[in-house]
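Please read the points below with the model open.

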Amino acid sequence: MKKKIYLDHNATTPVRKEVVEAMLPYYTDIFGNASSVHMFGQEARKAVEDSREQIASFIGAAAEEVIFTSGGTESDNFAIKGTAYEKKNKGNHIITSSIEHPAVLNTCQYLGQNGFKITYLAVDKYGLVDPEDVKKAITKETVLITIMHANNEVGTILPVKEIGKIAKDNEITFHTDAVQSTGKIPINVNELNVDMLSMSGHKVYGPKGIGALFIRKGTRIEQFMHGGHHEFNKRAGTENVPGIAGFAKAVEVLSKDLEKENKKLSLLRDKLWNGLKNTIADISLNGHPTLRLPNTLDVSFNYIESESIILNLDLKGIAVSGGSACASGSTEPSHVLTAMGVEPTCAQGAVRFSLGKDNTGEDIDYVLEVLPPIVKKLRDMSPIHNK
Ligand code: PLP
């Protein structure tokens, strides 16, 4: 049978069996609308509220500070547009970074086309934002700072706590996109000094189409979806009860042995990096060497294009993703690597390996066996590689 090795957990994760089991009753017997007053509704409501408690305690929040959404993208849109609209009479300036996920970048860009001024902070070669730059960018008009917790491509963990302190001292709302860090490193909203924090179910072995936004008590934000009185009048729409129950179960399971899991993942990740370094010339690590998610390894294979590597690995049963986006036939280096100052010849050959709970040492051995000949073959064909 053909090998199938999944090393793309930052794109999405497999849903745990326990999660599916936790969701099933809410598709069958417990199908009530959580807003109905009768017993069918009450059962569904209990599932929603128990799940809210579970997720809130996982991040050190109070239950009423967690709002369920349809995923990370919606949580980011809600946090950013909701704050911008609520505070438009106070100011029209937003600070973000140049390495955010499109869910944040494109939302800011949209606001930029609609009367807001956006500052996109530069990052250093590791993808770190300097908190001093945040301080310098603040004006009287600044109403929101939104800086991600961990980058989805290179895994760098940003100084959110320090930036949050600056935001607090200046009484500016601070949001962080923690879609990639949730479930990978410990999160406490109080230690991180955040007012809002985005999460997504499908990155933590939960279902797709469910997410949450932490909104600190007292944070002013405009209602996102208009309709009924769901989610404390902040996000209308009948709750996705199976998704919510699944998300909570996923969080419950992973919170049990996060530390052990992290240790295993970082050992595998380092085994992969050391193995690649020892067998392939002209490669470089993208992202911070230590301030990095335990599961993420982004590597530039100079002189070749990531798409070719990905396709060749796929033929061998290995699923990874690229650091560059392919648009209408032309390969554009990723905005993250470009912002980090990675040379185009290196950025174009960037491959992201993102490990997960089921990966083993044998998986890594197999990658180390098949990848060096693939790189050699592609470099032999490359017009920009000196043979
Ligand atoms: N933010 C980050 C950092 C992400 O990595 C992703 C997904 O890859 C998102 C937001 C979007 O989350 P979702 O897929 O749940 O909409």
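**Notes on the model**

1. Setting aside neighbours within four places in sequence, glutamate 74 is in contact (heavy atoms within 4.5 Å) with Thr69, Phe224, Met225 and Arg235. Glutamate 74 belongs to helix 3, residues 72-86; helices (H or I, at least four residues) and strands (E, at least two) are DSSP runs numbered from the N terminus. Its relative accessible area is 9%, so glutamate 74 is buried. Buried means under 20% relative accessible area, exposed over 50%, and partly exposed in between, with a 1.4 Å probe and protein chains only.

2. On provenance: this is a predicted model, in which local features need pLDDT of at least 70 and side-chain atom pairs count only at pLDDT 80 or more, while totals for chains, interfaces and linings use all residues. Residues are numbered from 1 along each chain as its sequence is written, and side-chain values use heavy atoms, with hydrogens and water left out.

3. Around the ligand there are 13 residues, the closest being Gly72, Thr73, Asp177, Ser200 and Lys203; a residue is included if one of its heavy atoms lies within 4 Å. Helix 3 gives the most to this shell, with three residues. By class, the shell holds two nonpolar, eight polar and three charged residues. Here Ala, Val, Leu, Ile, Met, Phe, Trp, Tyr, Cys and Pro count as nonpolar, Asp, Glu, Lys and Arg as charged, and the others, Gly among them, as polar.

4. Which distances do ligand oxygen atoms make with threonine 73 and histidine 101? An oxygen atom of the ligand is 2.6 Å from an N or O atom in the threonine 73 side chain, and for the side chain of histidine 101 the value is 3.5 Å. The ligand taken alone exposes 390 Å², of which the protein buries 85% (Shrake-Rupley areas, 1.4 Å probe).

5. The largest nonpolar core has 61 residues, and Ile145, Leu197 and Phe247 have the most contacts inside it. Helix 8 (residues 241-256) gives the most to this core, with eight residues. Apart from it lies another core of 30 residues, including Leu265 and Val375. A nonpolar core is a set of buried Ala, Val, Leu, Ile, Met, Phe, Trp, Tyr and Cys residues joined through side-chain atoms within 4.5 Å.

6. Glutamate 171 is not a glycine, yet has a positive phi of about 55°. Glutamate 171 sits in the loop between helix 6 (160-169) and strand 6 (173-177), and counts as exposed because its relative accessibility is 69%.

Conventions
A polar contact is a pair of N or O atoms within 3.5 Å; within protein, one must be able to donate a hydrogen and the other to accept it, and residues adjacent in sequence count only if both atoms are side-chain atoms.
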